[in-house]
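I opened a notebook for this chain and wrote down each thing as I looked it up. The entries follow in that order.

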Amino acid sequence: FPSHDREFMVVRRNVSYTVGYDINRLKLNSRIGQRKDQLIERNAVRDDKFVNLSANWQLNARNSVTLSGDYSDLVYELDGQERGGELTGTLKSLTLSLDRKINKALTANMNVKRLTVAYKDDARDYQENRAWVGFQYKF
């Protein structure tokens with residue numbers, strides 16, 4: 001059957017620097033970097049400069065809580081030209097996670113996230129709230 005899905009080749013360049021601090025039950029981490037995706041077939045480039053800050057507190061031997069914040073400057077260029085600045089903007093998110101180690105092989109987590117994307121001079125802005133649970137099993 002013919003498919004209407006299209007596949008695109010993407011070349012990704014990612015550079016980041018991470019600094020962390022760990023004392024007793026508290027772990028602090030910061031990450032700064034740049035991610036550049038080049039969509040070959042569309043002759044388009046997506047350029048993100050980002051900062052991530054996170055703090056993890058080990059509540060006890062089995063439970064920990066993590067608060068993480070992200071900020072990115074977004075630039076989307078088509079044919080090497082910015083499209084009138086309409087796809088230049090920012091992405092901000094804040095995530096709170098509760099992790100529980102159930103046994104040696106199984107870990108569960110509960111997460112909530114607030115995401116805001118704001119483009120300059122564009123009506124594509126959006127905000128979103130997410131909540132999810134996850135399980136990780138190691139064989």
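Entry 1. I took contact to mean heavy atoms within 4.5 Å. With neighbours within four places in sequence left aside, I found Ser54 in contact with Lys27, Leu28, Asn29, Leu67 and Ser68. Ser54 sits in strand β3. For strands and helices I used DSSP runs, numbered from the N terminus: helices are H or I with at least four residues, strands are E with at least two.

I noted two things about the source. This is a predicted model, where local features need pLDDT of at least 70 and side-chain atom pairs count only at pLDDT 80 or more, while totals for chains, interfaces and linings use all residues. Residues are numbered from 1 along each chain as its sequence is written, and side-chain values use heavy atoms, with hydrogens and water left out.

Entry 2. I looked up the overall make-up. The chain has 0 helices and 8 strands, and its elements run β-β-β-β-β-β-β-β from the N terminus on. Of the contacts between residues at least 6 apart in sequence, 44% join residues at least 24 apart.

I then turned to burial. I called a residue buried under 20% relative accessible area, exposed over 50%, and partly exposed in between, with a 1.4 Å probe and protein chains only. Buried residues account for 24% of the 139 residues in the chain. The chain exposes about 10300 Å², and carbon and sulfur atoms supply 54% of that area. The areas come from the Shrake-Rupley method with a 1.4 Å probe; for residues, only the protein chains shown count as cover.

Entry 3. I went back to strand β3. Is Ser54 buried or exposed? Ser54 has a relative accessible area of 19%, so it counts as buried. Ala55 also has its place in strand β3, which covers residues 44–58. At 29% relative accessible area, Ala55 is partly exposed. Not counting residues up to four places away in sequence, Ala55 touches Lys27, Leu28, Val65, Thr66 and Leu67. From Ala55 to Leu26 I read 7.2 Å, C-alpha to C-alpha, across 29 residues of sequence.

Entry 4. I looked at Lys101 in strand β6 (residues 88–101). Its relative accessibility is 40%, so Lys101 is partly exposed. Which residues does Lys101 touch, not counting residues up to four places away in sequence? They are Arg62, Leu106 and Thr107. Lys101 and Arg62 are 39 residues apart in sequence, yet their C-alpha atoms are 4.9 Å apart.

Entry 5. I searched for salt bridges, each being a side-chain nitrogen of Lys or Arg within 4 Å of a carboxyl oxygen of Asp or Glu. Side chains of opposite charge can pair when their charged atoms come close. The whole structure holds 5 salt bridges.

One of them joins Asp37 and Arg12, with the closest N and O atoms 2.7 Å apart. Asp37 is in strand β2 and Arg12 in strand β1, so this pair ties together parts 25 residues apart in sequence. Asp37 is buried at 9% relative accessibility, whereas Arg12 is exposed at 54%.

Lys49 and Asp47 meet in another salt bridge, at 3.9 Å from N to O. Here Asp47 is buried at 13% and Lys49 partly exposed at 45%.

Arg130 pairs with Glu128, the closest N and O atoms being 2.2 Å apart. Arg130 is partly exposed at 37%, and Glu128 is partly exposed at 25%. I also noted that salt bridges with shared partners join Arg35, Arg46 and Asp48 into one network.

Entry 6. I checked backbone angles. Most residues other than glycine have a negative phi. Asn24 is not a glycine, yet its phi is positive, about 50°. Asn24 lies in the loop between β1 (10–23) and β2 (26–39), and at 75% relative accessibility it is exposed.

Entry 7. I looked for aromatic pairs, meaning rings of Phe, Tyr and Trp (its six-membered ring) with centres within 6.5 Å; planes under 30 degrees apart are stacked, over 60 edge-to-face, and the rest tilted. There is 1 such pair. The ring centres of Tyr137 and Phe139 are 5.1 Å apart and the planes stand at 75°, so the pair is edge-to-face. Phe139 is exposed at 94% relative accessibility.
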